[in-house]
Structures are given as structure tokens and as C-alpha cells.
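Colleague: I have some questions about the labels on this structure. Can we take them one by one?

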Amino acid sequence: QVQLVESGGGLVQVGGSLRLSCAASGSIASINTMAWYRQAPGKQRELVAGLIGSSTNYADSVKGRFTISRDNAKNTGFLQMNGLKPEDTAVYYCNAVIKSRTGFVANYWGQGTQVTVSS
């Protein structure tokens with residue numbers, strides 16, 4: 001069974017950095033796309049960063065501060081977050097479109113990891 005496991009969240013002060021990881025496991029043939037979303041209390045889930053092939057896309061609010069990347073050999077995605085602000089506080093979710101070794105393609109979500117930014 002394919003699944004995504006997130007890690008790296010936690011409490012950090014304003015201006016600090018965190019690196020989120022999203023490890024995919026199971027019968028994986030390829031990870032077609034990877035993205036990071038976040039959801040703060042009372043707000044809709046929003047796309048933070050996306051990676052399709054070699055193309056990246058970032059929300060305006062994080063552009064220049066966050067970087068999405070992937071280690072294909074380890075089937076792991078990352079979100080490097082620098083210059084964190086209180087408004088970055090949210091639960092962050094990894095999302096990926098994965099092709100299994102049987103050829104089945106589906107969209108998967110991680111369990112979410114809390115990021116809290118305080119002064």
C-alpha cells in the first residue's frame with residue numbers, strides 16, 4: 001500500500017527555519033507530482049508549493065522563502081522553509097500523485113504536520 005509520512009514540523013521562532021519531509025513508501029514506480037498544502041484554523045487549505053517535473057510553483061506569500069525539492073532515490077519530498085513568520089503557522093500536508101508498480105495512478109495525502117511560528 002502506498003502511503004505518505006510527513007515529519008519535520010515543530011515550534012520555531014520568527015525568522016527561523018524548518019525542513020519538512022514527505023516520505024513515500026510502498027509499491028512505487030514513480031512520483032509524478034508533489035506539492036505542499038497548509039491549513040490554518042478557520043481558513044481553507046491552500047497550495048504552498050508544487051513540483052511537476054522540473055517546474056516549481058509557489059504561493060506569493062512564501063515565494064523567496066520556501067523551496068520545494070525531491071530526492072528521487074529516496075522517494076522523499078521536502079519543503080525548506082526559511083524566514084518563517086507567524087502567518088506561516090498551520091498544519092502542513094504533503095500531496096503527491098504516485099504511479100504504483102502495477103501502473104495504478106492515484107493522489108495521496110500525508111497525515112499533516114504542525115508548524116508553529118512564534119516570537
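Modeller: Start with Asp88 and Arg65, whose side chains meet in a salt bridge. Keep in mind that this is a predicted model.

Colleague: What makes the pair of Asp88 and Arg65 a salt bridge?

Modeller: The N to O distance is 2.8 Å. The cut-off is 4 Å, between a side-chain nitrogen of Lys or Arg and a carboxyl oxygen of Asp or Glu. Therefore the pair counts as a salt bridge.

Colleague: Where in the chain do Asp88 and Arg65 lie?

Modeller: Asp88 is in the loop between strand 8 and strand 9. Arg65 is in the loop between strand 6 (55-58) and strand 7. They are 23 residues apart, so the pair links distant parts of the chain.

Colleague: Why is Arg65 called buried?

Modeller: Its relative accessibility is 14%. Buried means under 20%, so Arg65 qualifies. Asp88 is buried too, with a relative accessible area of 0%.

Colleague: What does Asp88 do with Arg38?

Modeller: Asp88 forms a salt bridge with Arg38 as well, with the closest N and O atoms 2.9 Å apart. Arg38 lies in strand 4, so this pair ties together parts that are 50 residues apart in sequence. At 6% relative accessibility, Arg38 also counts as buried.

Colleague: Which residues are joined into one network?

Modeller: Arg38, Glu46, Arg65 and Asp88 are, through salt bridges that share partners. The whole structure has 4 salt bridges. One of them joins Lys63 to Asp60, at 3.5 Å between the closest N and O atoms. Both Lys63 and Asp60 are exposed.

Colleague: How do you know that Cys22 and Cys94 form a disulfide?

Modeller: Their sulfur atoms are 2.0 Å apart. The limit is 2.5 Å, so the pair passes. The structure holds 1 disulfide. Cys22 sits in strand 3 and Cys94 in strand 9, 72 residues apart. Both cysteines are buried.

Colleague: Why is the link of Cys22 and Cys94 called left-handed?

Modeller: The angle about the S-S bond is -80°, and the link is left-handed with that value.

Colleague: Which residues touch the most other members of the largest nonpolar core?

Modeller: Leu4, Trp36, Phe66, Leu79, Met81, Tyr92 and Ile98 do, in a core of 32 residues. Strand 9 gives the most to this core, with 5 residues.

Colleague: What is Tyr92 in contact with, leaving aside its neighbours within four places in sequence?

Modeller: Its contacts include Trp36, Phe66, Leu79 and Met81. Arg38 is also among them.

Technical notes: Residues are numbered from 1 along each chain as its sequence is written. This is a predicted model: local features need pLDDT of at least 70, side-chain atom pairs count only at pLDDT 80 or more; totals for chains, interfaces and linings use all residues. Side-chain values use heavy atoms; hydrogens and water are left out. A nonpolar core is a set of buried Ala, Val, Leu, Ile, Met, Phe, Trp, Tyr and Cys residues joined through side-chain atoms within 4.5 Å. Buried means under 20% relative accessible area, exposed over 50%, partly exposed in between (1.4 Å probe, protein chains only). Helices (H or I, at least four residues) and strands (E, at least two) are DSSP runs, numbered from the N terminus. Contact means heavy atoms within 4.5 Å.
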